[in-house]
Amino acid sequence: MSRIVVIGAGVGGLAAAARLAHLGHEVTVCESQPQVGGKLGLYERDGFRFDTGPSLVTLPQVLRDTFEATGGWPAELSLTRLAPIARYWFADGTTFDATDDLDDFCARLDTALGPGNGDDWRRFTARAERIWQATRRPFLESPLGGARTMAALALRRPQDIAAIAPATSLRTLGRRYLRDPRLRTFLDRYATYTGSDPRRAPAALAVVPYVEQAFGGWYVPGGLRVIGDALHQRAIDCGATVLLDAEVTAIRTSAGRADGVVLADGRHLPADAVVANVDATTVYGSLIDCAKASRRLARATPSLAGFVLLLAVRGHTPGLAHHNVLFPRDYDAEFDAVFGSSARPVPDPTLYISAPDDPAVRPDGHEAWFVLVNAPRHGAGPGAVDWRAPGLARSYGDHLLNLLADRGLPVGERVLWSQTFTPADLEERTGAVGGAIYGTSSNGAAAAFLRPANRSPVPGLFLVGGSSHPGGGLPLVSLSASIVANLIGPA
Ligand SMILES: Cc1cc2nc3c(=O)[nH]c(=O)nc-3n(C[C@H](O)[C@H](O)[C@H](O)COP(=O)(O)OP(=O)(O)OC[C@H]3O[C@@H](n4cnc5c(N)ncnc54)[C@H](O)[C@@H]3O)c2cc1C
């Protein structure tokens with residue numbers, strides 16, 4: 001049996017802890033906050049229960065695998081398939097529903113956008129499926145090997161590289177297959193699911209809409225936070241110890257190998273291996289001295305951040321689905337505001353509203369709205385915004401309410417109370433540097449291969465979670481936990 005310390009109880013940390021404890025290791029999780037879950041956050045007030053992070057589960061088989069591999073599916077967790085997955089609203093008044101039945105979705109596109117758009121999407125989906133088949137095993141489910149991973153992909157099936165088109169952006173791929181600008185906008189949106197700009201993100205991100213449609217979009221009754229609680233319980237049931245209010249201030253090494261951590265209260269926990277679920281920038285920037293990894297990370301573009309507006313709403317809103325995406329007139333202006341050198345809160349952002357029709361998350365006769373818009377990260381200097389500036393969060397929240405009214409959702413008068421969470425708040429609550437949701441973005445052809453590997457350059461130190469390979473979002477983070485557990489192996 002090896003002693004393993006996991007730093008951070010986000011989804012990746014908890015999933016890794018459960019897997020490693022199940023494999024027979026003595027696992028201790030150190031979480032700096034008084035609660036687990038990290039970005040999978042919860043805000044409760046007056047009978048309302050809001051998820052403050054994820055609101056959509058995709059690739060449910062990955063979640064299933066995490067639990068099946070550690071003792072079985074938990075009774076308290078159920079998954080509900082969403083129909084539709086989301087309702088899309090365009091600035092010209094067009095709307096359509098995205099569903100997980102390809103024929104049905106294509107028929108909806110023909111009706112909403114005009115004949116031929118369904119066939120365009122069908123051809124695009126065939127290409128996306130080829131990319132999925134080519135990347136799933138060697139890339140998403142395997143440890144990152146830098147150029148070796150590229151070579152492995154090329155040698156296995158050279159034609160896969162042609163499908164992946166590594167030098168092509170998602171935007172360019174979309175233009176090749178999709179004629180209607182609204183359908184292109186719909187595709188562009190998926191780049192943001194990895195925190196990226198569709199004009200610079202690789203065409204390989206075509207797998208994101210593909211997996212959403214092929215495997216469905218899912219909800220957890222009671223809110224997605226239930227997943228975090230179930231993972232916490234599973235780690236404990238497998239024998240892990242979870243310490244709360246236990247901030248790690250340093251990873252110790254001896255003879256070049258990680259051999260434990262130091263806590264803020266001065267305690268030292270010895271370990272045979274350390275698994276860091278903390279943002280990789282923090283791991284290499286301040287927890288351990290690894291200048292090469294730190295320099296490499298500094299070359300990548302940080303992912304976008306998010307501004308969250310929670311609304312406790314009286315009454316019922318006709319026409320609103322569970323998930324809704326309201327696109328602005330000028331989508332590129334949004335990416336310029338988020339990723340440009342003169343970053344600023346996006347004046348006319350895409351508005352995402354999640355309003356689950358779930359009695360467990362709102363009092364009778366009310367709705368719990370989670371409104372999320374893309375935002376530049378928090379900080380000083382080019383590319384960042386000081387989200388702590390007095391009055392900014394409040395005035396931007398009010399601005400979003402006005403935009404909702406402009407788009408036919410004049411919810412303001414029915415709002416009992418609201419709550420904002422800025423990128424600065426996310427940084428404070430989870431340690432996400434600048435509140436960047438996904439660590440580094442996928443902007444640039446090589447970005448995915450520059451993402452920190454799960455096996456760090458320091459022997460005995462492993463990285464798990466959204467800022468490391470294979471990336472952010474609940475399924476990929478859970479895959480990173482599986483990769484790390486396989487790298488460490490049984491006790
Ligand atoms: C607003 C928002 C919406 C999202 N929507 C979706 C969605 O719909 N679907 C989806 O799949 N994903 C979504 N995501 C992404 C998803 O939430 C994340 O990718 C995932 O939860 C990150 O998990 P993680 O393992 O990287 O850990 P994190 O959540 O980053 O947790 C890291 C943990 O480490 C702790 N920690 C940090 N520093 C220390 C230290 N020094 N010592 C000890 N502990 C420390 C933190 O407190 C935290 O608990 C969303 C995220 C956000 C913020």
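Residues are numbered from 1 along each chain as its sequence is written, and side-chain values use heavy atoms, with hydrogens and water left out. Because the model is predicted, local features need pLDDT of at least 70 and side-chain atom pairs count only at pLDDT 80 or more, while totals for chains, interfaces and linings use all residues.

The secondary structure of the chain comes to 17 helices and 21 strands. Both are DSSP runs numbered from the N terminus: helices are H or I with at least four residues, strands are E with at least two.

Next comes the ligand. It is surrounded by 36 residues, the closest being Gly12, Glu31, Lys39, Gly466 and Leu474; a residue counts as near if one of its heavy atoms lies within 4 Å. Helices H1 (11-22), H15 (423-430) and H17 (474-488) each supply at least two residues of this shell. By type, the shell has 16 nonpolar, 16 polar and 4 charged residues. Here Ala, Val, Leu, Ile, Met, Phe, Trp, Tyr, Cys and Pro are nonpolar, Asp, Glu, Lys and Arg are charged, and the others, Gly among them, are polar.

Some polar contacts (pairs of N or O atoms within 3.5 Å) can be named. A side-chain N or O atom of Glu31 is 2.6 Å from an oxygen atom of the ligand. A polar backbone atom of Gly466 is 2.7 Å from an oxygen atom of the ligand, and one of Leu56 is 2.9 Å from a ligand nitrogen atom. Alone, the ligand exposes 1000 Å², and the protein buries 92% of that (Shrake-Rupley method, 1.4 Å probe).

How many cavities of 30 Å³ or more are there? The count comes to 3. A cavity is a set of points, on a 1 Å grid over the protein atoms alone, where a 1.4 Å probe fits but cannot get out; lining residues have an atom within 4 Å of a point. Grid points are joined across faces, edges and corners, and a volume is the space filled by probe spheres set on them. The largest cavity has a volume of about 120 Å³. Its lining has 14 residues, with Arg49, Phe50, Asp51, Ser354 and Pro356 nearest its centre. Strand E4 (48-51) gives the most to this lining, with 3 residues.

Terms used:
Polar contact = N/O pair within 3.5 Å; in protein donor to acceptor, adjacent residues only side chain to side chain. 1 Å grid on protein atoms, 1.4 Å probe; cavity = no way out; pocket = protein on both sides within 12 Å on 5 of 7 lines; lining within 4 Å.
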